[in-house]
Each structure stands twice: as structure tokens, then as C-alpha cells.
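User: I would like a close look at one residue and at the parts of the fold around it. Please keep the answer connected.

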Amino acid sequence: MEPVLMTPQDEIPLVLEYRLVRMTPALARHWLKYNTANRPIRDHTVAKDARDMAAWRWPHNGEGIKWSSALTILDGQHRMLALVLAEKINPDVYIDTLVVFGLPPETQKTMDQPTRRTLADEWALAGEPHGHALLAIVRKTYSWYSGDNRFAVKASATNSEAEETLAAYPGLRRSTEVAVRIRPRYRFIPMSIVGLAHHLFMTADPTKAPEFFERIADGAKLHETHPILLVRNRCIDLNTAPGQATAPYMYLGTMIRGWNAYSQGKNLAKLQFGPKDEMPRIRHVNGYDRPAKVKPVDANGQTSDGDDE
């Protein structure tokens, strides 16, 4: 079926009809005027979808925009809002999407009820042994290389961005295996942070990183000033502190401080990393390194510099 190019001037059918439509941002803006009774907008979903649309990573998959016979939008608002936002990134953007016209208004209450298949589910079906843990680690890795080292940007990696990140860093599968193996032995650091740290430290020094994570797991033969013991003890404190859950970046900053000392053979009298501290740079075999930074786009089309490494 070839897509039909519709314009804001085209009449909306009031009887049941299906069309494959080539939707432009101008058409999306016009149709959104009829979005008068829908669920709350999820800005992070809009921002993620907009990035995929702007990069031409939005294939027609059978999901559609739905109109009622009363000329209101029943479903598809996030898709249209994302297309409008995507135009700020790529002025030539458009998408091909199924559109269903003329549905009874009462059908809206039955929409979006099934549990959505996640990328982790797809990876598990494809044979990935730890699909959900892998996806969490891949998304943290994407955030790190995007300059969001405090994981503060609500719009995490889209499915396409996650797949590209895994393709760029296939060693994340091994990092996931390590994180899953450590979890029953030492549960005080989130698995996504253990996996990201393993990836970063293996990149920094693949000869020293395996021993670092073995000792994180078992705490064996660590004297009181050993940096790995201080990491273990500090993360236990963070994990068991009363009140709100500790932000994931606090664990990562603590691990990096411990790694930097361990990789240089230094002992520490104490190990501290606070909420106002900049994320430490990671010591590599040949010195210190910092990842490249990009400026994530938020749901308003604005960019954010994030935090310094």
C-alpha cells in the first residue's frame, strides 16, 4: 500500500476507513487541535520518539492514529507531538502511519490496555540470556556517553539508540554477565551501575579490572585502607541509608574514586563522593580520560549541557 499525502485542508472521514498516511509536522499540528480528550502527555516519551523520527528510525509498524466519528483524536497524540518536535531537529522529517477514521468515541477506553513488549523482551526472545539487565546497562552506557553522567535526563535511550549502543559496545554483554554474577554475592550497588562501571574500567585497564570486580563481589583479603574495601563499605552505607533511595550516580562516583586509587596501587584513609561533587574522571593505563559530550534534546526542543565529567 502506497502512503497517501494528506494536508490540513483535507476532510476527515466520519465513517470507518483505514488509510496509510504520509504525515508531515504541519498535518500533525493541525490534527492535534482535535486532541481534546486524551491521557496526560509524557514529555520523555515525546522527546525519545522525536529523536528516532528525526533520524529516520521510525518505520511503519502497523500502529496507528485513531479518529472518532465525533472528530476527536482517540489515540496517537504522542506520535504527533513527537513529529512536531522532530521538525526542530530535522526540518524535512515525515512519517508513514496507519490512520483509522470513524471509530465510535467509546472505543477509547479499550485502547492501550495490553502490556507493551519492551526491547528487553525482544532481546530475550532473540536469545539474550539477561535481556532486562542488559537493557538497563545499555541505557546507562548511552547516558554516560551522551554526557549525562548523573543520569538526570528523563528521556533515556530510545530502542533504536539502545540497539546502536549495544552494537557499538558489544562487550556490554560481558559486563552484564559480571553484574548478574556479582548480584547474589554483593547486592548493595545497582546492577546497571556495576555493568556500566565494568565496561568503563575494562576500557581503562583490562588487566586490572577483573580483579577489582572479583574483590567487589567477595571482599576477600582487603585490608582496612584498601580502596575496594572502602568502596564496598561506602556503598553499603548508601544502600541502607534511611529515607529516599540513593541516586545511582552516587554509587558510580564512589566506584570511580575507588578505581582510580586501586589502579595506581594507592591506599586510602577514607573515600568520599558527595551529591555536589563533580563526577571523577576515570584513570586509564595512560592517564585520565573523559567521554565525549553531546547535548540531549528535551521535550521542548531545547538542549542541555549536562554535568562536567
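This is a predicted model: local features need pLDDT of at least 70, side-chain atom pairs count only at pLDDT 80 or more; totals for chains, interfaces and linings use all residues.

In which helix is the place of Leu135?

Analyst: Leu135 sits in helix H5, which covers residues 131-145. The relative accessible area of Leu135 is 8%, so this residue counts as buried, the cut-off being under 20%. Leaving aside residues up to four places away in sequence, Leu135 is in contact with Leu119, Ala120, Trp123 and Ala162. Thr45 is 90 residues from Leu135 along the chain, and the C-alpha atoms of the two are 17 Å apart.

In soluble globular proteins, nonpolar side chains tend to be buried together. In this model, the largest nonpolar core holds 50 residues. Helix H5 is one of the elements that give two or more residues to this core, along with helix H4 (119-125), helix H6 (159-168), helix H7 (172-182), helix H8 (191-204), helix H9 (209-218), helix H10 (227-240) and helix H11 (248-263). The largest share, 8 residues, is from H11. Within this core, the residues with the most contacts are Phe201, Phe212, Phe213, Leu252 and Met255. Phe201 touches two of these phenylalanines, Phe212 and Phe213, as well as Met255.

Strand S3 (residues 64-68) runs parallel to strand S5 (residues 95-103), and the two pair over 4 bridges. Ser68 has Leu103 in S5 as its bridge partner.

Rolling a probe the size of a water molecule over the atoms shows where empty space is left. The model has 1 cavity of 30 Å³ or more. The space in the largest cavity is about 40 Å³. The residues that line the largest cavity are Trp58, Pro59, His60, Asn61, Glu63, Arg79, Asp96 and Thr97. By class, this lining consists of 2 nonpolar, 3 polar and 3 charged residues.

Definitions and conventions: Residues are numbered from 1 along each chain as its sequence is written. Side-chain values use heavy atoms; hydrogens and water are left out. Buried means under 20% relative accessible area, exposed over 50%, partly exposed in between (1.4 Å probe, protein chains only). Contact means heavy atoms within 4.5 Å. On a 1 Å grid over the protein atoms alone, a cavity is a set of points where a 1.4 Å probe fits but cannot get out, and a pocket is an open set with protein on both sides within 12 Å along at least five of seven lines; lining residues have an atom within 4 Å of a point. Grid points are joined across faces, edges and corners, and a volume is the space filled by probe spheres set on the points. Ala, Val, Leu, Ile, Met, Phe, Trp, Tyr, Cys and Pro count as nonpolar, Asp, Glu, Lys and Arg as charged, and the others, Gly among them, as polar. Two strands pair if DSSP finds at least two bridges between them. A nonpolar core is a set of buried Ala, Val, Leu, Ile, Met, Phe, Trp, Tyr and Cys residues joined through side-chain atoms within 4.5 Å.
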